[in-house]
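Keep the structure in view while reading.

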Amino acid sequence: MGLDALYLWLGGIVWITILVVGNRMRLRDALRIKELEKAKADELNHSKLQFFTNITHELLTPLTIISATMDELKMKSPGHGELYQTMTQNINRLIRLLQQILEFRKAETGNLQLKVAKGDLAAFTRNSMENFRPLIKKKQLHFSLIAHPEILPAYFDFDKMDKILYNLLSNAAKYNEEGGTIWIELIRNEEKKVVILSVKDNGKGIDKEALSTLFTRFYEGDHRRFKTIGTGIGLSLTRDLVQLHNGTITVKSEPEKGTTFRVEIPYSRQAYREEQIDDTLVFGTLPVETEPEITGEALEGSEENEKSSLLILEDNEELIELMVKLLNREYRVYTAENGKEGLRIIREQEIDLVVSDVMMPVMDGNQFCRELKASFDTCHIPVILLTAKTGKKTALKPTSQVQTAISPNLSA
């Protein structure tokens, strides 16, 4: 009996061990599956972002060409102000969408930087509303803006506030019905030291179940029943930009009654760190685009032997052709499709300034700069690098090679 009891006891221990080990293995497998699912979701989101980013960079170049061609057309054939305004507004809208994708990528990688300046937020909002005139006219929408007080001084990031307003107004306009109304209200709350921005519409509204995921990236919900086109990143980016201002954003909605977005951001200088404040920016709204003044001297151009020489390095033939057309009035322009060809031209010609793309075949802009600055005969020539990439690392990388990198900001 003692031996049987021993066997029974050992068998129980083995059985319990198997159960414990089995449970641990199942738990480990379940955790592993969750990790794989999370990694797969992250990889999918990263792929979406990478796709959007690549498409954005590809589209910025032709948009630059269209925008510059439009400016030249205004100079050569003035008198069609309304048509030019419509075309310019649509060009700027495309550029805004592309910049929004790049800004969203920064938010995802934690590279968003805030730079606030003092401005009239009420006037700034009125200026942003002007971008929606074509959509307002098409859908016969009614816009109403109430500001308390009418002049509302506050510290905010001009570029990021423009994106916040654009997304909120765009959603209110797109998802409203023809003949609908959009109310914008700005209130200065002295007690909380915040500006309260409310954007309200009387459209179809949003279901309660959808409100909890409204600010989720790539969320589209049921809004596609309005036959609108979007990326699903607008409201997610808006939330990130509001939070960057140390603010909050909330939404209330009732089906068939409409939706209200409420944004609260601090207006005082004390709400931001000193390195986030830029006192050099002008008080007020964003600069208003003005028609360039054309003088007879500019039309006739300078004498050839008095012109400075400019070398353009760019592998896009259409962009080179356009840049030559715009710049040859004031400069002797030389062109090359890559850095290697550019170095050859510099050895043969007296070049005063180089404007170069970063991404080029054979020899890119960075390698070109390294070789240019390494030679005693050419190290004095200034170089401007142009790139559609807006990341901080992209802008800082060339400065170590003694030249300046510029990422074009093509907003209006």
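In this predicted model, five strands form an open sheet with mixed pairing, in the order β2-β4-β5-β7-β6. Its edge strands are β2 (142-148) and β6 (248-254), each of which pairs on one side only. From one strand to the next, the twist averages 10°.

Helix α3 lies across β2, β4 and β5 (194-201), and runs at about 170° to β2.

Helix α3 (residues 121-129) also has a helix beside it: its axis and that of helix α5 (residues 158-174) come within 10 Å. Two packed helices are described by the angle between their axes and the distance between the axes. For α3 and α5 the crossing angle is roughly 50°. Angles under 35 degrees would count as roughly parallel, and 65 to 115 as roughly perpendicular; the two helices are therefore oblique to each other. The crossing in which α3 passes α5 is right-handed.

Which residues meet where α3 and α5 are in contact? From α3 come Leu121, Phe124, Thr125, Ser128 and Met129, and from α5 come Phe158, Met161, Asp162, Leu165 and Leu169.

Key: Residues numbered from 1 in each chain as written. Predicted model: local features only at pLDDT ≥ 70, side-chain atom pairs only at ≥ 80, totals over all residues. Heavy atoms only, no water. Axes fitted to C-alpha atoms, helices over the stretch in contact; angles between N-to-C directions. Helix = DSSP H or I, 4+ residues; strand = E, 2+ residues; numbered from the N terminus. Parallel < 35°, antiparallel > 145°, perpendicular 65-115°, else oblique. Left-handed = near helix turned anticlockwise from the far one by under 90°. Contact = heavy atoms within 4.5 Å. Pairing = 2+ DSSP bridges.
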